[in-house]
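Biologist: I have the two chains open on my screen. Can you walk me through the contacts?

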Amino acid sequence: MSDEKYQLLIDWLKQDNSFYLSPNIQIIEDSYGGIGLACKGKKYLNEKLISIPEKYMINIKTVERHVHMQDELQKGDEKERTKPSQNIYHKILHEDKNIMPDEYSTNQLIILFMYVEMFILAEKSFFYPFLQTLPTFETFLCSVPYLPDLLRMKQYEFKNKVSYAFLKHSNTIKRRIMDDWNTIKHILLNLNHSLDDDANTSDKSRNTRIFQRFLHVSMLINSRCLYYDITEEKQDNFTLVPLVDFINHSVAVNGGHCYPKVNKLTRSFEIYSGSTTDFEGLNEVFFNYGAHSNDFLLSEYGFVVPNNPSDFIDITPRVLKLLNPIQIAFLSEIGYLGDYTVTYEDISFRTIVALALVSITANNVAITTEQKSKMIKLINGTLYETSFNYKKLLHTILQEELDDCHEKLELLRAEKEGGNKIITTFNSNIQIVYEGYLQILKSVL
Amino acid sequence: MPPKFDPNEVKFLYLRAVGGEVGASAALAPKIGPLGLSPKKVGEDIAKATKAFKGIKVTVQLRIQNRQAVASVVPSASSLVITALKEPPRDRKKEKNVKHSGNLQLEDIIEIARQMREKSFGKTLASVTKEILGTAQSIGCRVNFKNPHDIIEAINAGEIEIPEN
């Protein structure tokens, strides 16, 4: 990111006296070529590093306030009506009669708002200094494996390379994105894209461009939203915060760690130092976004972390193959159907319960009362898993998973180097996921 | 679309357990089993985390996130005071209705007050110390070989000074 963009952002934030940025903090390019925040010199435990006033954030409350303020101004004197921001919201809310805010989810409303601010108002947007610092669509296209799939770019086939856990999670995200698109596309397609449209633009090309921009905004919100208490509705409680969204994720809590806090009085979003350290030179500061596996990080944010202690392997399909309908019904009844995983040095209790059931019941035979009683004792903790002979089954499943990992890693490594950036980034990220899987399997086998 | 730092991702479970012992899993298992946690392993983790409070009933917090649980003791004034008394281990089934008639130094009470300060609504360390002295009175032990209430009165009268921190 250029110095001019950063300076524009800071000058914009400084217009409010309650904005604070520690003089020791500055923006850097991180080791992956992205942006991060770094600290130099001494920082103290619980020292405030950044404070962003609420008016600069993008969440449902600030969006409603902003849109209605613009709409109210439209009703003012004639000079004010010429401002593009007032015209566009007045048009959407009143003239087109397309939008009844109650009919749309919070996420959809914020996508609409950011779309208008980024692509219709552009430099005339109040939020322009923030929006111009956000990642480009090309950044997401390289790092999020299912985006080319949504754009029907068939040359970037990834489904045979990725893990079951990633596929499952990314399918959920894709469904959500397409639901949002199907709900709001009629509004986006009707907007006046006068900056881009001309007589030579075909409908198909225009629609593709609008869809791509919609994807861009969806990914921006998805990857950069922070938890922020607004209402009792879970879907409302997130926000985008300028400057704070430069802070990257790290699994290690060390001298470079910091944590977020919302000031209950002023509703500012604040960042505090998590430790007292005296840095020589620049050291990047990190958050810990949460205990997320690499499959999750890759599908939600488009990056992975080597040696991630929160990694797990989802072996649900392999376990389900061993179960007959009677066993499935029983597991469903006791609440132990599905979500069978393996983590570092540990097998999930749900996996143990399912395999224990397979080990004591024969296929296609009803489960006897004695067997049910034994299973209930296991899940109640009065009987330990050592009373069941499930380890051989488990070993077979883990060995199959290991062979599959090796096969996929060979496939990834065999793809020629020097491919385009999208393929190189996919392969590199997915390799790190599988290397994590190998470490898990080595720890449990 | 999970926002970063979503507090709903973390579950907290609280239970009472005897320090240093692997307790009965029957209470724990129905709550943590469906989350993928082995009651046996979690029981062992609780025993490890409560080693310092061996034989004393304490409140344990289980922080559960992403199929992993971290056990920690929720400090309480009573458990800290009883631990400070350094009583010999007892067979809880055979020895009942014990009297905690030991003696503590005021310094021990102040140290406990420092640990409990965050939880207390007391403005100063002195007020938190008086709360701990109240707990010591309930337990039945002595402080500086005196009744804890006498120490409270001495603090109020300014005869005993408690440091700021």
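Biologist: Asp45(B) and Lys41(B) in helix H2 of chain B: what separates them?

Modeller: About one helical turn, because Asp45(B) and Lys41(B) are four residues apart in helix H2, residues 39-49 of chain B. Keep in mind that this is a predicted model.

Biologist: And how do the side chains of Asp45(B) and Lys41(B) meet?

Modeller: In a salt bridge, 3.5 Å from N to O. Asp45(B) is partly exposed, with a relative accessible area of 21%. Lys41(B) is also partly exposed, at 37%.

Biologist: Which residues do salt bridges with shared partners join into one network?

Modeller: Arg318(A), Glu400(A), Glu401(A), Asp404(A) and Lys408(A).

Biologist: How many salt bridges over all chains?

Modeller: The count comes to 15. One of them pairs Glu400(A) with Arg318(A), at 3.5 Å from N to O. This pair links distant parts of the chain, 82 residues apart. Glu400(A) sits in helix H16 (residues 391-414) of chain A, and Arg318(A) in helix H12 (residues 316-322) of chain A.

Biologist: Is Arg318(A) buried or exposed?

Modeller: Buried, because its relative accessibility is 18% and the cut-off for buried is under 20%. Glu400(A) is partly exposed, with a relative accessible area of 37%.

Biologist: What does Glu435(A) meet in a salt bridge?

Modeller: Arg413(A), again at 3.5 Å from N to O. Glu435(A) lies in helix H17 (residues 421-444) of chain A and Arg413(A) in helix H16 of chain A, so the pair ties together parts that are 22 residues apart in sequence. Glu435(A) counts as partly exposed, at 32% relative accessibility.

Biologist: Let's switch to the interface. How many residues of chain A are in contact with chain B?

Modeller: 37 residues of chain A, in contact with 25 residues of chain B. The buried area between the two chains is about 2,700 Å². Carbon and sulfur atoms give 58% of that area.

Biologist: Which three residues supply 20% of the area that chain A buries against chain B?

Modeller: Tyr227(A), Phe349(A) and Tyr384(A), more than any other three residues.

Biologist: How many salt bridges across the interface of chain A and chain B?

Modeller: The rule finds one. Asp339(A) forms a salt bridge with Arg67(B), and the closest N and O atoms are 2.7 Å apart.

Biologist: Which elements give two or more residues to the side of chain A that touches chain B?

Modeller: Helix H10 (203-224), strand E5 (226-227), helix H11 (294-300), helix H14 (349-360) and helix H15 (369-380) of chain A. H10(A) gives the largest share, four residues. By class, this side of chain A has 17 nonpolar, 12 polar and eight charged residues.

Biologist: Over to chain B. Which residues of helix H3 are buried?

Modeller: Ala77(B), Ser79(B), Leu80(B), Val81(B) and Ile82(B), in a helix that covers residues 77-84. The buried residues of H3(B) pack against strands E2 (57-65) and E4 (103-104), and against helices H4 (106-116) and H5 (125-139), of chain B. H3(B) is followed by Lys86(B), whose phi is positive, near 50 degrees.

Biologist: Thr135(B) is in helix H5 of chain B. What does Thr135(B) touch?

Modeller: Ala77(B) and Ser78(B), not counting residues up to four places away in sequence. Thr135(B) is buried, with a relative accessible area of 18%.

Biologist: Now aromatics. How many aromatic pairs over all chains?

Modeller: 18. In one of them, the rings of Phe126(A) and Phe127(A) have centres 5.0 Å apart and planes at 80 degrees, so the pair is edge-to-face. Phe126(A) is partly exposed, at 32% relative accessibility, while Phe127(A) is buried, at 2%. Together with Trp12(A), Tyr56(A) and Phe113(A), Phe126(A) and Phe127(A) form one aromatic cluster.

Biologist: Last one. Where is Tyr272(A)?

Modeller: In strand E9, residues 269-273 of chain A. Tyr272(A) counts as buried, at 13% relative accessibility. Its side chain makes a polar contact with the side chain of Glu270(A), at 2.6 Å. Not counting residues up to four places away in sequence, Tyr272(A) touches several others, including Asn46(A), Leu49(A) and Cys258(A).

Notes
Residues numbered from 1 in each chain as written. Chains lettered and ligands numbered in written order. Predicted model: local features only at pLDDT ≥ 70, side-chain atom pairs only at ≥ 80, totals over all residues. Heavy atoms only, no water. Contact = heavy atoms within 4.5 Å. Buried area = accessible area lost by both parts, 1.4 Å probe. Salt bridge = Lys/Arg side-chain N within 4 Å of Asp/Glu carboxyl O. Nonpolar A, V, L, I, M, F, W, Y, C, P; charged D, E, K, R; others polar. Buried < 20%, exposed > 50% of the residue type's maximum accessible area, 1.4 Å probe, protein only. Polar contact = N/O pair within 3.5 Å; in protein donor to acceptor, adjacent residues only side chain to side chain. Phe/Tyr/Trp six-rings, centres within 6.5 Å; stacked < 30°, edge-to-face > 60°.
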